[in-house]
Amino acid sequence: MIARADTALKKPITVALTGASGAQYGLRLIDVLVAAGHEVWVMISKAAHMVIATETDIELPAQPQRLVEALSKRSGARPGQIRCFGREDWMAPVASGSGAPSAMVVCPCSTGTLSAVATGASNNLIERAADVAIKERRTLVLVPRESPFSPIHLEHMLALSRLGVVILPAAPGFYHRPQSIDDLIDFIVARVLNQLGIEHSLVPRWGEVVNKDD
Ligand SMILES: Cc1cc2nc3c(=O)[nH]c(=O)nc-3n(C[C@H](O)[C@H](O)[C@H](O)COP(=O)(O)O)c2cc1C
């Protein structure tokens, strides 16, 4: 696990949850980044709120300040550690290259948001923040979940990958012998942390897997 840091907050990371299945990946990512001492800037799409209500027992308000309070309570964040921005909060720092953090993760990433990011639509703050990350050559990790993928999805993913965007599908491996859904969630969250260069011990790294027959 990651030890809770008591020192100054570490660099902010933007985490956006969109309306693909797998809201737990994004919520766990927020918790882990908070525990690691990072500032976390959060955006949750309207569809993501529906998915959260469908897939979990977690109740999250849509209004940004109330969302800050709810997420902070959940994760034990310090005051100011979590900031939330609304769908059309164009004055938010993530909307500009001069204010956006060095890394953004869309987790989970719907095929709708994937399409918008691939085409530079920027019709809401999540899409705009991803567009900013691409234009500023910053780290952008997308965690799409759909099955099967259509040629449209695949073409968007290829185009984005060629731009340097990390396409990290929500497809957990089983070689670490997961015992629970939490283990499967942590598999994906660990992969995201690897991309962000954040140390963790959520799951054993390859070569550290313990064979139960040993
Ligand atoms: C319960 C639920 C599950 C969904 N699962 C997926 C999914 O796995 N992948 C996906 O791309 N869209 C999924 N959708 C559809 C998206 O939420 C929908 O396309 C939405 O417009 C995406 O908007 P957003 O990208 O602004 O969040 C799901 C919707 C709901 C309500």
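Mentor: Ser122 counts as buried because its relative accessible area is 18% (buried is under 20%, exposed over 50%, partly exposed in between, with a 1.4 Å probe and protein chains only). Before going on, this is a predicted model, so local features need pLDDT of at least 70 and side-chain atom pairs pLDDT 80 or more, while totals for chains, interfaces and linings use all residues. Residues are numbered from 1 along each chain as its sequence is written, and side-chain values use heavy atoms, leaving out hydrogens and water.

α4 brings us to the ligand: α4 (111-119) and α2 (46-55) each give at least two residues to the shell around it (near means a heavy atom within 4 Å). Among the shell residues are Gly19, Ser21, Ser45, Val51, Thr111, Thr113, Arg145 and Glu146. A polar side-chain atom of Thr113 lies 2.5 Å from a ligand oxygen, and a backbone N or O atom of Ser21 lies 3.0 Å from an oxygen of the ligand. At Arg145, a polar backbone atom is 2.7 Å from a ligand nitrogen. The protein covers 67% of the 640 Å² of accessible area that the ligand has on its own (Shrake-Rupley, 1.4 Å probe).

Now for strand β2, residues 38-44: seven of its seven residues are buried. One side carries His38, Val40, Val42 and Ile44, the other Glu39, Trp41 and Met43, and both faces are covered. β2 pairs in the parallel sense with β1 (residues 10-17) over six bridges (pairing takes at least two DSSP bridges), and Thr14 stands opposite Trp41. β2 also runs parallel to β3 (residues 82-84), joined by three bridges, with Val42 opposite Cys84. Finally, β1, helix α1 (residues 23-35) and β2 make a right-handed β-α-β unit (with the strands pointing away from the viewer, the path from the first strand over the helix to the second runs clockwise).

Methods. Polar contact = N/O pair within 3.5 Å; in protein donor to acceptor, adjacent residues only side chain to side chain. Helix = DSSP H or I, 4+ residues; strand = E, 2+ residues; numbered from the N terminus.
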